[in-house]
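Dear colleague,

Here is the structure for your files. My notes on what was found in it follow below.

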Amino acid sequence: ASYLKEIDLLRQKRRPSVLEVLKKPLAELQNTDPAAMAAAAHGVGPEAVQFFDAVQYVEEPLRNLALAIAASKLKAIFEEDPRGDAAVNERGLQNFMSLWDEQRVASYEKMNQQIRGQLNQSQDDLRHVRTSTDKRMWELETEVQTLTAQLAAAKSAGNTVAAEAAEARAVAEST
């Protein structure tokens, strides 16, 4: 028990207090520029964390092209007036959104066609399996009927042979 008390005492000495834990972030917040904090809250600036960046996996020339296209689209959507205020260009945004929707619909239609093709192929495969299964079942039923007939004939022949053997024994005993 004293051993556990000693471990608990050492753990409490090494563990920072709640005040120490809270003081560190407060000190960092006090030293942070309010504009940087606001930018980080909106997902921009050096404080922002991005978990996935799609263009990092693309080769340099294609990455530059994609970024240039994105920049031109953003310039078309957001225009800046001489006072420095950013305003949304409604027509540019509408054009971009309609193009975006058309591309998404086209990709969904393509995916739909692929899935329908796979479904048709699966249905054809299923029909083939059912046909071959039905054929095999018919063959097995025919074979069972043949074997049943042969078994009945063998029993009949066995009964005939047994009767003849019994008759031959009876004749042999009577002589």
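Salt bridges

A search of the whole structure finds 4 salt bridges, a salt bridge being a side-chain nitrogen of Lys or Arg within 4 Å of a carboxyl oxygen of Asp or Glu. Before the details, some ground rules. This is a predicted model, in which local features need pLDDT of at least 70 and side-chain atom pairs count only at pLDDT 80 or more, while totals for chains, interfaces and linings use all residues. Residues are numbered from 1 along each chain as its sequence is written, and side-chain values use heavy atoms, with hydrogens and water left out.

Side chains of opposite charge can pair when their charged atoms come close. One of the salt bridges joins glutamate 60 to arginine 63, with 2.8 Å between the closest N and O atoms. The two residues are 3 apart in helix H4, so about one helical turn separates them. Helices here are DSSP runs of H or I with at least four residues, strands are runs of E with at least two, and both are numbered from the N terminus. Glutamate 60 has a relative accessible area of 45% and is therefore partly exposed; arginine 63, at 22%, is also partly exposed. On this scale buried means under 20% relative accessible area, exposed means over 50%, and partly exposed is in between (1.4 Å probe, protein chains only).

- Aspartate 124 and arginine 127 meet in a salt bridge of 2.5 Å, N to O. They are 3 residues apart in helix H5, which means a separation of about one helical turn. Aspartate 124 is partly exposed at 38%, and arginine 127 is partly exposed at 49%.
- Arginine 136 and glutamate 139 form a salt bridge of 3.2 Å, N to O. These residues are 3 apart in helix H5, so they too are separated by about one helical turn. Arginine 136 is partly exposed at 43% relative accessibility, and glutamate 139 is partly exposed at 29%.

Serine 132

Serine 132 also belongs to helix H5. A polar atom of its side chain lies 3.0 Å from the backbone oxygen of valine 129. Serine 132 counts as partly exposed because its relative accessibility is 36%.

A nonpolar patch

Leu62, Leu65 and Ile69 form a nonpolar patch on the surface, with about 290 Å² of accessible area together. Patches are made of residues with over 30% relative accessible area and no salt bridge; like charges are joined within 9 Å, and nonpolar side chains (Val, Leu, Ile, Met, Phe, Trp, Tyr) within 5 Å. Leucine 62 sits in helix H4, residues 60–77, and counts as exposed because its relative accessibility is 51%.

The whole chain

The protein has 5 helices and 2 strands, in the order α-α-α-α-β-β-α from the N terminus. Of its 175 residues, 1% are buried. The accessible surface is about 15900 Å², and carbon and sulfur atoms account for 59% of it; areas come from the Shrake-Rupley method with a 1.4 Å probe, and for residues only the protein chains shown count as cover.

Confidence

The mean pLDDT (the predictor's confidence in each residue, from 0 to 100) is 77, with 69% of residues at 70 or more. Where pLDDT is low, the predicted coordinates should not be read in detail.

Regards

Definitions and conventions: A polar contact is a pair of N or O atoms within 3.5 Å; within protein, one must be able to donate a hydrogen and the other to accept it, and residues adjacent in sequence count only if both atoms are side-chain atoms.
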